[in-house]
Amino acid sequence: MTTTDPYASSRETTEGRVYTVTGGDWDEFLEDAAGDEKFVMNLGPQHPSTHGVLRLVIELEGETVTQARSVIGYLHTGIEKNCEYRTWTQGVTFVTRMDYLAPLSNEAAYCMGIEKLLGIEVPRRAEVARVMLLELNRVSSHLVALATGGMELGALTGMTNGFREREEVLHLLEHLTGLRMNHAFIRPGGLAQDLPDDYHEKVTDFLKVMDKRLPGYDKLLTGQPIWRNRLQGVGYLPVDACLSLGVTGPILRSAGLPWDIRKTEPYLGYDEYDFEVPTTTEADSFGRYLLRLEEIHQSLKIVRQCLDKLEPGPVMVDDPKVAWPAKLTVSSDGLGNSLDHVRKIMGQSMESLIHHFKLVTEGFSVPPGQVYVPVESPRGELGYHLVSDGGTRPMRVHVREPSFINLQAMPAMSEGGLVADMIAAVASLDPVMGGCDR
Amino acid sequence: MTEEEKLVGSGKPDPGDEHSSAEHPEPGLEPADSTRPAERIPVVAGRPRRGMFGVDDAGDTSGYGGLRLPAYVPPAAERPYGDWFDEVADDLLEALSGKGIAASAIQQVTIDRGEITFYVQREHLVEICRTLRDDPSLRFELCSSVSAVDYGEEVPQRLHAVYHLTSMTYRRRIRLEVAVDVDDPHIPSVVEVYATADWQERENWDMFGIVHDGHPALTRILMPDDWDGHPQRKDYPLGGVPVEYKGAEIPPPDQRRAYT
């Protein structure tokens, strides 16, 4: 073993000898380890195959994983606690930063929880626009699942194509909401502002692009023998294991249970839309890949229906005690104050100024009680448990994060298989560590 | 009393002070535990509040210094509950009596905003969960979420563990809640019934210091292993440093005025 390489050294510890391998030096390491092929390997938290800052500690016998444990918490930012020190409206800007691939799901579920606590209903246009944004977000999230999953398995063209298409979604979302990610666009009571005038044209253009490019994934990956061999029969998790471990979303549906909260407990008027919940009975990583691809098609179908359903109208509840007063506008640096509104409160109406000041600094009071609001995020059941004590700030914001729950299934999916299959299994779980660690 | 006496006061206490009307609240505002049976520990779900604008270090310039709001107590629901709630409650009680568990294992049932909450005694939590999962008329196959709430230092039994269960068969959701004292934060683990509770109970231990007895490996999960304290408790500070913005110093979020 080359002892001169500072990045591939070894040292003695109380637990045994610890090696740092850098690739290409595996034979030397085995020689040094005197042929004993049973060892504990650490992977991550910074590793290109672990789907974010996830750390995997695995016990190997040769190349077979005998035990696997995941170590999380590297991206814990205390968002839930932070929300307790902000007004209910300010919380949106925090929760949108949890699952950064599905920020709109977080915003929508959080706001739906507040609306349930307040007992208000959002206007029709806001509801339809939320559905449209949520489905666009689902498309972009599934594209990243395909892209990073492809990268982790060495399918680099899959990655570049996935990120290329996702860029189209982010570009569209930037046009619609003012920001590519972390939008804070869905607010308690509706939306921060109306969609831009040319939203119809932009979304239609986007749909055309996607229609043209999506078949490319079937050509590139679906029938490809290497892709199939890497994924088929890998990361197996049957339906009883899913239920016991609380796993939801595409993983549960790949085991054959058509459980999709959009269908089973429709929210935001999802029961009006015509779409399918695809399932497979393979319960493996390949089935999950096929499901995500099909769900992209179904989401685009919903977006098309949203375009027909969007009719002019208000996008915020008609309650000045809840509705954010500023009527924000999109400017070059994202959402900002509307000059008209600033002119009004600073120059014309003292009452408007007082009202603006009260609502922005004090916030609105939410009657005491607790609610649990689940939505179907791209990764499964995303639930917000909100508790109010009657004040203007939450008593508790708890997020049932699908990444956090689903990641518990990693050992069940990968123990007994090869290291390479564990990587494929984690990729098919599609955890987002920002959401997992919160 | 003359007009003058009214204006300058007549030796009466200041608003909110001792012997003021705050101690003789109007009907409906009295502290909740006085109306509850003595043997039952009240479920308090909120902190009492006084005053406004978060000012307590200066004279009462707001005029709201005497404002006192008692802590929120979730009202117990009365029969009939309506919807499917009666059915679930009846089936649960029947199944529990079949197992020899008294109806008092469920301390209180609350229905609020279309959601049903069972406040249960911790000794019977695991058996109640098992019944809810296995009984053919209940079938709560999925434990959606396990979390906890800390209602603040002045609240009796301030730590609540909250379980959200989902019946995929009947498409129903219920909530179980277990309240414990901070000095005795022990709640049995439901991992043997719902394996998904594993990490979530570890999070409860990590964030709230709730000890889920019987958990296979109750260690910290989000915070480092050697961390001191339980960050989501209300007496654990948020932390943060003051920042300067346009010449003014802005205190960290947990030291700013809270308009509650």
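Predicted model: local features only at pLDDT ≥ 70, side-chain atom pairs only at ≥ 80, totals over all residues.
Let me open with one definition: a residue is buried if 20 or more other C-beta atoms lie within 10 Å of its own.

Which way do the residues of strand 12 of chain A point? A:V397 and A:V399 go one way, while A:R396, A:H398 and A:R400 go the other way, and all are buried. So much for the side chains; what about pairing? Strand 12 of chain A runs antiparallel to strand 11 of chain A, residues 380-388, and the two are joined over five bridges. If you want a place to look, find A:R400 in strand 12 of chain A and you'll see A:G383 standing opposite.

Staying in chain A, let's move to a sheet. This one is open, has three strands in the order 3-4-5, and pairs in the antiparallel sense. Strand 3 (38-43) and strand 5 (64-71) of chain A stand at the edges; each has a single partner strand, so one side of each is left without a neighbour in the sheet. On average, neighbouring strands here are turned by 20 degrees against each other, direction ignored. Strand 3 of chain A meets strand 4, residues 55-61, through six bridges, again antiparallel.

Now some helices, still in chain A. Helix 5, residues 124-152, packs against helix 13, residues 285-309, at an angle of about 160 degrees, and their axes are 9 Å apart. On the helix 5 side of the contact you'll find, among others, A:V128, A:L136 and A:H142, and on the helix 13 side residues including A:R292, A:I296 and A:C306. Sorted by class, the contact between these helices of chain A has 12 nonpolar, two polar and five charged residues.

Let's step out to the interface. Here, 36 residues of chain B are in contact with 41 residues of chain A. On the chain B side, strand 5 (142-150), strand 6 (159-167), strand 7 (172-180) and helix 4 (197-208) each supply at least two residues. Which element of chain B gives the most to the side that touches chain A? That's strand 5 of chain B, with six residues. By class, the side of chain B that touches chain A divides into 17 nonpolar, eight polar and 11 charged residues.

I'll finish with two loop residues in chain B. B:D83 sits in the loop between strand 2 (68-69) and helix 2 (85-98). Is B:D83 buried or exposed? Exposed, because 12 other C-beta atoms lie within 10 Å of B:D83, and 12 or fewer is the cut-off. B:D83 and B:L69 are 14 residues apart along the chain, and their C-alpha atoms are separated by 32 Å.

The other one, B:A102, lies in the loop between helix 2 and strand 3 (106-112) of chain B. B:A102 also counts as exposed, with 11 C-beta neighbours inside 10 Å. From B:A102 to B:R256 is 154 residues in sequence and 48 Å in space, C-alpha to C-alpha. Thanks, everyone!

Key
Residues numbered from 1 in each chain as written. Chains lettered and ligands numbered in written order. Contact = placed C-beta atoms within 7 Å. Helix = DSSP H or I, 4+ residues; strand = E, 2+ residues; numbered from the N terminus. Nonpolar A, V, L, I, M, F, W, Y, C, P; charged D, E, K, R; others polar. Axes fitted to C-alpha atoms, helices over the stretch in contact; angles between N-to-C directions. Pairing = 2+ DSSP bridges.
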